[in-house]
Amino acid sequence: MYKKIFKRFIDIILSLIGILILSPVIVSVAVFLFIANKGKVFFIQARPGLNSRIFKIIKFKTMNDNRNKNGELLSDDERLTTVGKIVRKLSLDEILQLINVLKGDMSLIGPRPLLPSYLPLYNEEQSRRHDVKPGITGWAQINGRNAISWSEKFKLDVWYVENLSFWLDVKIFFFTIKKVFISEGISQEGQATMGVFEGNGHE
């Protein structure tokens with residue numbers, strides 16, 4: 001009952017409230033990023049959701065599009081702007097995903113939506129992370145975020161799927177607020193964000 005009806009009801013109500021309350025922050029971040037990224041404010045990308053169905057996620061763009069002399073994009077660390085670092089440290093880049101939640105593509109709480117190219121790389125157990133809607137925050141985010149390995153992250157995602165409940169979501173919600181304030185686990189060691197998942201056995 002919670003997973004199918006009540007969770008969706010909570011998502012709609014809280015995402016609406018969140019968008020209204022955070023609208024001044026959203027406008028302010030958009031203005032600063034417009035200046036820092038030369039007019040490019042939004043980052044829109046295809047991501048797999050419930051049952052691996054592809055949808056378009058929307059985030060604030062924290063990296064520029066600078067390339068090397070061969071036309072290749074520079075590393076994430078080199079492209080992460082000063083404003084982008086602040087936005088990412090405060091997790092403000094995730095705010096716009098409230099729109100995805102309102103549309104029904106995502107939930108407030110759930111495994112983070114990753115790249116479509118990862119789908120064929122999952123083993124059977126890891127694929128179970130797509131048995132629920134992806135979330136803005138989740139069990140893996142409050143237990144290490146980008147500072148843990150991919151295998152650890154996927155185990156936490158599957159644990160969430162198996163133990164999904166109202167009280168677990170409440171716990172994740174409040175621990176996420178704590179994590180944002182202490183800016184913990186934002187990046188993996190040696191990376192600006194999280195390294196690319198190359199399949200099991202490549203960590």
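**Reading the hairpin, a helix and the salt bridges**

Modeller: In the hairpin of strand 1 and strand 2, five residues lie between the strands, and Asn51 among them has a positive phi near 60 degrees. Please note that the model is predicted. Strand 1 (residues 42-48) and strand 2 run antiparallel and are joined by seven bridges; one of the pairs is Pro48 with Ile54.

Biologist: How many of the seven residues of strand 2 are buried?

Modeller: Five of them are buried, and strand 2 (residues 54-60) is thus mostly covered.

Biologist: Which residues of helix 3 are buried, and which are exposed?

Modeller: The general idea is that an α-helix has 3.6 residues a turn, so residues three or four places apart point the same way. In helix 3 (residues 82-89), Gly84, Val87 and Arg88 are buried. They lie on the same side of helix 3 because they cover an arc of only 95 degrees around the axis. Thr82 and Ile86, on the other side, are exposed. The cover over the buried residues includes helix 1 (2-36).

Biologist: Which residue forms a salt bridge with Lys59?

Modeller: In general, side chains of opposite charge can pair when their charged atoms come close. Here Lys59 forms a salt bridge with Glu94, with 3.8 Å between the closest N and O atoms. Lys59 lies in strand 2 and Glu94 in the loop between helix 3 and helix 4 (97-103), so the pair ties together parts 35 residues apart in sequence. Lys59 counts as buried at 13% relative accessibility, and Glu94 counts as buried at 14%. Lys59 and Glu94 also belong to a network of salt bridges with Asp93 and Arg112.

Definitions and conventions: Residues numbered from 1 in each chain as written. Predicted model: local features only at pLDDT ≥ 70, side-chain atom pairs only at ≥ 80, totals over all residues. Heavy atoms only, no water. Buried < 20%, exposed > 50% of the residue type's maximum accessible area, 1.4 Å probe, protein only. Helix = DSSP H or I, 4+ residues; strand = E, 2+ residues; numbered from the N terminus. Arc of directions from axis to C-beta. Contact = heavy atoms within 4.5 Å. Pairing = 2+ DSSP bridges. Salt bridge = Lys/Arg side-chain N within 4 Å of Asp/Glu carboxyl O.
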